[in-house]
Amino acid sequence: MIWSTKETLDREQIQRIQLKRLKKTVKYAYKKVPLYRKKFHDAGLDPRDIQSLDDLKKIPFTTKEDFRNNYPFGMFAIPKEKCVRFHASSGTTGNPTVVGYTRHDLEVWTECMARLISAAGVTDRDTAQISFGYGLFTGALGLHQGLQRIGAGVVPLSSGNSKRQIKMLKDFGTTTLIATPSYALHLVEVARAMGINPAEELNVRHGLFGGEGSTEAMRTKLNEGWGMQATENYGMTELIGPSVSGECLEYKGMHICEDYFIAEVINPETGEVLPEGEYGELVITPLFKEAVPVLRYRTRDITALDSKPCTCGRTTMRMAKITGRADDMLIISGVNVFPSQIEEVLLSIDGIGSNYMINVDKKGYLDKMDIDVEVIDSNLLDSVSSLENLQNTIKNQMHAVLGIHPGIHLVEPFSLKRSEGKAKRVNDMRKLKED
Ligand code: ADP
Ligand code: ZN
């Protein structure tokens, strides 16, 4: 179901709304946040210089560093007493990024969530279990609000205790699962270990996944494992939370809530705006935020845009699956490698599970990449010849796709550490050695 008429406007109508809201946002940010005033002054720019959507490219970027440097409330346009909610992103190093919400911010966030949840096929007849961790993380409450808005039933289980997750899904006859894709795959294994085949014995038909990337191969595993239609959605704390974009059931990219977010793709090295269809770093300007306005936020996520209307009936611009982060690209002996490429290869090979760990280190001066991969059947580890065969298959495929020869170590099922939130797939020891 298409939730809002705003999802089917023609481009001219969408752009008219965007321009009007952009001008307002720019003036507001300039007036209320010293950081933007300084950025404009440094660039010799005045808010009145922004007269067309094309003028957007004149505006300086905002980065995660800006949030960190202005921790906790320096990016706020209003006194924090006027906020009705706060969230923060995990921030593995240094200060977390803190955001606040007014009632209106929450309202728009919820509206965008309702659109994405509807696009994923969920209706007021569905019951949804939220297996994201509740807390400062925006994922759980974002989906929670949107599901309530469309009238679906929410089971706010939060993350952790995987056996209980399965028991609740079963006992409640839950139809919809909200989680990170890696955790949803892990839950399939847990269910099977409990003697339950999720595709046949559970009623979970919709999966709304996000918070981290996933590949088409992973989607196939999710769809088959659960007997569901898995979709992914995208967003981030600095921009509001999840709700920037989400897939419809045509699987042709994630529809952007364009009346509330302007998307651009830039060359991450030069900052230059790239033509539609080219891959680069996604830059987003939210057009509605009262508490924490953000201009041209550099997401570090790599994607491409497509403004052609979708066969689902929506006309909003779509963004391709995120192929990596501008900053998670690994350089192995001069070769650029995205962890998502490695995952794609691994998931296309029979006999191995969906859990792996990429270890990067230095041997002398040379980079060395080793990948631990779980096999599905531990008996395989007892047969030297089948083990070697499988190892060689993986090595050859990796070489064909990446042009490098990583070491492959097949390990026991369930032996790698599982994550209940975002999976950690890369262990780069080189970084530690540099410090
Ligand atoms: P979230 O609640 O969306 O995880 P965070 O602010 O903690 O918010 O993290 C945002 C980052 O998570 C994004 O910049 C992106 O790298 C990653 N992310 C979120 N959703 C997706 C997705 N569907 N595909 C790939 N990466 C995603
Ligand atoms: Zn569509």
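Helix H11 (residues 384–402) lies across E18, E19 and E20, and runs at about 140° to E20. A word on the setting: this is a predicted model, where local features need pLDDT of at least 70, side-chain atom pairs count only at pLDDT 80 or more, and totals for chains, interfaces and linings use all residues. Residues are numbered from 1 along each chain as its sequence is written, chains are lettered from A and ligands numbered from 1 in the order in which they are written, and side-chain values use heavy atoms, with hydrogens and water left out.

**The sheet.** Helices (H or I, at least four residues) and strands (E, at least two) are DSSP runs, numbered from the N terminus. Here 4 strands make an open sheet with mixed pairing, in the order E20-E19-E18-E21; strands count as paired if DSSP finds at least two bridges between them. At the edges sit E20 (407–411) and E21 (426–428), each pairing on one side only. On average, neighbouring strands are turned by 15° against each other, direction ignored. Axes are lines fitted to C-alpha atoms, for helices over the stretch in contact, and angles run from 0 to 180 degrees between N-to-C directions. Helix H10 (residues 339–347) also packs on this sheet, touching E18, E19 (366–375) and E21, and its direction makes about 135° with that of E18; contact means heavy atoms within 4.5 Å. Strand E18 (residues 352–363) runs parallel to E21, joined by 3 bridges, and Asn359 has Asn427 in E21 as its bridge partner.

| Hairpin | Residues between strands | Positive phi in the turn |
|---|---|---|
| E7 and E8 | 4 residues | Ile240, about 150° |
| E8 and E9 | 6 residues | Tyr251, about 55° |

E7 (residues 229–236) pairs with E8 in the antiparallel sense over 4 bridges, with Asn233 opposite Gly246. On E9 (residues 254–256), Gly246 has His255 as its bridge partner. All of E8 (residues 241–247) is tucked away: 7 of its 7 residues are buried, so the strand is largely enclosed by the rest of the structure.

**The zinc.** His255 turns up again here: the protein donors of the zinc ion (ligand 2) are Cys248 (SG), His255 (NE2), Cys310 (SG) and Cys312 (SG), lying 2.1 to 2.3 Å from it. Donors are N, O and S atoms within 2.8 Å of the metal (3.2 Å for Na, K and Ca). The site is tetrahedral, with angles of 102 to 115° among the 4 donor atoms; that label needs all angles between 85 and 135 degrees. Cys310 counts as buried because its relative accessibility is 7%, while Cys312, at 21%, counts as partly exposed. Buried means under 20% relative accessible area, exposed over 50%, partly exposed in between (1.4 Å probe, protein chains only).

Methods. Four donors count as tetrahedral if all angles lie between 85 and 135 degrees; four count as square planar and six as octahedral if opposite donors are over 155 degrees apart and all others between 65 and 115; anything else is irregular.
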